[in-house]
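Reader: Please take me through this structure. Start with the overall chain, then go to the metal site.

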Amino acid sequence: MLISNRKTRMLLHGLIFLAIVLPLAAQGIPPNPPPAQSASARSADTAALSREALVWLAQLIQINTTNPPGNEQAAAKYIVGILEKEGITPELLEVAPGRSALVARLRSSAISDPSRALLLVAHMDVVGAERARWSVDPFGAVMKDGYIYGRGALDDKSMLAANLATFVALKRSNARLNRDVIFLATTDEEAGGEAGIKTLIARNWDKFAAGYAINEGGEVVAKNGKVQYVAVQASEKVSINVAVIAKGPSGHASIPTKDNAVVHLAAAVAKIGSYPAPVHFTAVVRRYFEGLAAVSDDEIAKWLRSVESADRGEHAQRVISETNPEWGAMMHDTIAPTMLSGGVRANVIPGEARATLNIRLLPGDTIDVLLGALTKLVSDPQVRFEVQPNAGLAAPNSSLESDFYGVINKVASQDFGGVPVLPYQSPWATDSSQLRLHNVQAYGLWPFPVTDADLKRMHGDDERLPVASFNKGIEVLLHIVSEFAVNK
Ligand SMILES: [Zn+2]
């Protein structure tokens, strides 16, 4: 049974590969042409590279790296094949059985200077896909209507393929580098990086120590076919899970009492769910809102500029949180109750009931202060809080004054037609926080222009990326890395 299933899958995999990837590669035709905006000399140079990278992206999507279990070693071995053909010798870093990261280096000189090195990082694992809810096979890398569909098309195999393309292009060009450029493909990002970046740093830091990094985490925001602005992630919120535990006497459900743990838990969760955590602004968010105001319509711009004003700040905060909940999440710690459990039988009052809160702290805030406020709010001796293992760590933000941020700012703006580049604090976590804790100036530059609607498919159904955006992203990434790392 198992064997025949596997055979069927392998056969299907082969057929899909033949049907989709080979014809595109053989014909050398991307499903849709790059937009007029990118019709520069450079885009002509990178057109052939993008076509190759599209095949890599498709094949990486077809390697199922759903985490758990991850199985990133298969993707890592595939990348080894590509790099070895280019005369680059990568190294696999085994993190767990079947799970290997990959590192490769282009040297600028015989002796490395880690503080100058630039790290191109992307993760190989993906979140699961509910096949029945997709219109195409999530691991088929189907090309349709100018898009490539598949789990990882946005997060993060497109970045992985673009990093790979940039790295290979640098090698092929024989450019004289002024700093080492390191390619790193990581494991286990989607599960928090215990079997990924954290272990890699603990065991293998010397193999990829760098002063600067490019990673996922930013956005190129497009609307009505035009890029609005580029958001470069320089900071991120910190994810921490907290259990809310209510206790009470267990007993027969026919004789209920007031100290029922389920009732106390429900009351606590209701209060927590509507708790307005205090608003404050980090330097990154302040700069982001200022920049955003410049590209927003007058009404929104007015409120964005008023969020800290003494008289109408509070109203402004409400207006912009309602306009875009993500902007709201940038201004304060957030608390999302996500799981409930309690009880063993319908007619037994349980002695304990639990809820899980997923908390996202602003960088600089501490969980102790927030839990102190929640304890006061709930004010119930039957209820206590317990911080769960694997809490995220707060990292300093990456500098907005570094040379590299300057290069990203200049090149990204220029390549996307003069749009503003804004520093961005993401509500989600990436591998960058671990890098920042090791003094890396890490920037989330996800260089593919996408609409909000497409971005929402990340981790969702029918995840897809416009092929034209993929091509453009490669062109911009290569331009940024060349500007920073190649001697002129
Ligand atoms: Zn990701």
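**Chain and metal site**

Author: Of the 488 residues of the protein chain, 54% count as buried. The model is predicted.

Reader: What radius of gyration does the protein chain have, and why does it agree with a compact globule?

Author: The chain has 488 residues, so a compact globule would have a radius of gyration near 23 Å. The value for the protein chain agrees with that. It is 24 Å.

Reader: Among contacts between residues at least 6 apart in sequence, what share joins residues at least 24 apart?

Author: The protein chain has 15 helices and 19 strands. Contacts are counted here between residues at least 6 apart in sequence. The share that joins residues at least 24 apart is 78%.

Reader: Which residues coordinate the zinc ion?

Author: The donor atoms lie at 1.9 to 2.7 Å. In sequence the donor residues are spaced H-x31-D-x60-E.

Reader: Is the arrangement of the 4 donor atoms around the zinc ion tetrahedral or irregular?

Author: Four donors count as tetrahedral if all angles lie between 85 and 135 degrees. Here the angles run from 51 to 145°. The arrangement is therefore irregular.

Reader: How many residues apart are His-123 and Glu-216?

Author: His-123 is in strand β3, residues 118-123. Glu-216 is in the loop between β7 (212-215) and β8 (219-223). The pair links distant parts of the chain, 93 residues apart.

Reader: Is His-123 buried or exposed, and what of Glu-216?

Author: Buried means under 20% relative accessible area. His-123 has 1%, and Glu-216 has 8%. Both therefore count as buried.

Key
Residues numbered from 1 in each chain as written. Predicted model: local features only at pLDDT ≥ 70, side-chain atom pairs only at ≥ 80, totals over all residues. Heavy atoms only, no water. Donors = N, O, S within 2.8 Å, 3.2 Å for Na, K, Ca; no water. Tetrahedral: all angles 85-135°; square planar, octahedral: opposite > 155°, others 65-115°. Helix = DSSP H or I, 4+ residues; strand = E, 2+ residues; numbered from the N terminus. Buried < 20%, exposed > 50% of the residue type's maximum accessible area, 1.4 Å probe, protein only. Rg over C-alpha atoms; globule rule 2.2 N^0.38 Å. Contact = heavy atoms within 4.5 Å.
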